[in-house]
Amino acid sequence: MIILASKSPRRKELLSLITKNFVIEPAKGEETADESLPTDLYVSALAENKAREIAALHPEDIVIGADTIVAAKGEILGKPRYAEDAKRMLTLLSGTEHSVYTGVCVINKGEEYTFCEETRVRFFELSEEEIDDYIATGEPFDKAGAYGIQDYGALLVEGIEGDYYNVMGLPVGKLNRVLKELGIL
């Protein structure tokens with residue numbers, strides 16, 4: 001059995017592009033890791049924590065944990081807590097390029113395989129009105145960096161370099177290959 005250790009509806013949708021044979025069991029632990037780690041190792045550690053929590057409950061199953069963060073100007077941008085926080089993040093991203101990192105950990109009967117995917121995203125220069133209008137959609141509040149590329153947030157994005165699905169929260173191309181290499185698919 002494959003278990004996705006995430007409550008994200010986007011990750012569920014994206015994993016279903018690879019396989020329909022999985023169940024959801026979100027990790028409940030606190031999302032913490034050593035913040036002094038390089039960004040790719042930090043987000044990978046968050047994914048490992050989620051996967052390990054669920055794998056401890058299901059040691060004979062395959063568990064996939066993932067976490068996504070946005071990094072811009074030396075700052076890690078998580079999910080905004082309130083409108084002013086979202087506005088600060090979107091203002092920071094306006095007219096600049098940033099990185100979206102997704103760490104993924106696959107645990108198969110105690111064996112771990114972890115990787116991180118990075119996608120570069122460039123935002124248009126955004127007016128205060130555009131930022132306020134986007135925040136009013138309610139979309140920023142459950143997304144790292146205060147935006148989702150797949151919905152209204154697409155209107156903010158000038159271009160990307162890398163895996164589009166990584167920005168949504170799961171690098172499906174790379175994960176598909178990893179699952180095949182590990183003999184899971």
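**Exercise 1.** Is the crossing of H3 and H4 left-handed or right-handed?

*Solution.* The model is predicted, with local features needing pLDDT of at least 70 and side-chain atom pairs pLDDT 80 or more, whereas totals for chains, interfaces and linings use all residues. Residues are numbered from 1 along each chain as its sequence is written, and side-chain values use heavy atoms, without hydrogens and water.

Begin with the axes (lines fitted to C-alpha atoms over the stretch in contact, with angles from 0 to 180 degrees between N-to-C directions): those of helix H3 (residues 83-93) and helix H4 (residues 128-136) come within 10 Å and cross at roughly 135°. The crossing is right-handed, the near helix being turned clockwise from the far one by less than a right angle.

**Exercise 2.** Identify the residues of H3 and H4 that make the contact.

*Solution.* Contact means heavy atoms within 4.5 Å. H3 gives Ala83, Ala86, Lys87, Leu90 and Thr91, while H4 gives Glu128, Ile131, Asp132, Tyr134 and Ile135. By class, these are 6 nonpolar, 1 polar and 3 charged residues.

**Exercise 3.** Which element supplies the largest share of the lining of the largest pocket?

*Solution.* Strand S3 (62-72) is one of the elements that supply at least two lining residues, and the largest share, 4 residues, comes from S3.

How values were computed:
Nonpolar A, V, L, I, M, F, W, Y, C, P; charged D, E, K, R; others polar.
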